[in-house]
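Biologist: Please put the model on the screen, and then we can go through the side-chain contacts and the surface.

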Amino acid sequence: EDYNTATLPHVKYYNYDEWEMEQYNSKKKDDNDNTTKNKKEQQDDWAQLQHSKKIKQQQEEMERIKSTMMNSSKIQEMKQQAKLQAEMVHAYKTGDEQTRRKL
């Protein structure tokens, strides 16, 4: 039916400049809205990132403290074992049966 009416299929063909300005303003408005949303999202993301970094640092600090404590207790244990081993060797060399049985 539209073939012989001499009407154009879209509004933009009647006044292209006006249509183009409407499109431009529409995109500009959308970009501004998105920018505002993106800024808020970026701020939220930044705050969340800072919080997660802080938590991670605290966890790393706790892990380091735990490992240090375990290392110091292991070092003391190893020193004790070395001392006992030296006493055992000394007891064998001197023939001290009482000390050997005790160890």
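**Contacts and surface of the chain**

Modeller: Y16 and W19 lie three residues apart in helix α1, so about one helical turn separates them. Helices (H or I, at least four residues) and strands (E, at least two) are DSSP runs, numbered from the N terminus. This is a predicted model, in which local features need pLDDT of at least 70, side-chain atom pairs count only at pLDDT 80 or more, and totals for chains, interfaces and linings use all residues. Residues are numbered from 1 along each chain as its sequence is written, and side-chain values use heavy atoms, with hydrogens and water left out.

Biologist: Are the rings of Y16 and W19 stacked, edge-to-face or tilted?

Modeller: Rings of Phe, Tyr and Trp (its six-membered ring) pair if their centres lie within 6.5 Å; planes under 30 degrees apart count as stacked, over 60 as edge-to-face and the rest as tilted. The count by this rule is one aromatic pair. The ring centres of Y16 and W19 are 5.8 Å apart and the planes are at 35°, so the pair is tilted.

Biologist: Is M69 buried or exposed?

Modeller: M69 is found in helix α1, residues 16-94. Buried means under 20% relative accessible area, exposed over 50%, and partly exposed in between (1.4 Å probe, protein chains only). The relative accessible area of M69 is 56%, so M69 is exposed.

Biologist: How far apart are the end C-alpha atoms of α1?

Modeller: The expected span of a helix is 1.5 Å times one less than its number of residues. For the 79 residues of α1 this should give 117 Å, and the value from the model agrees: the end C-alpha atoms are apart by 111 Å.
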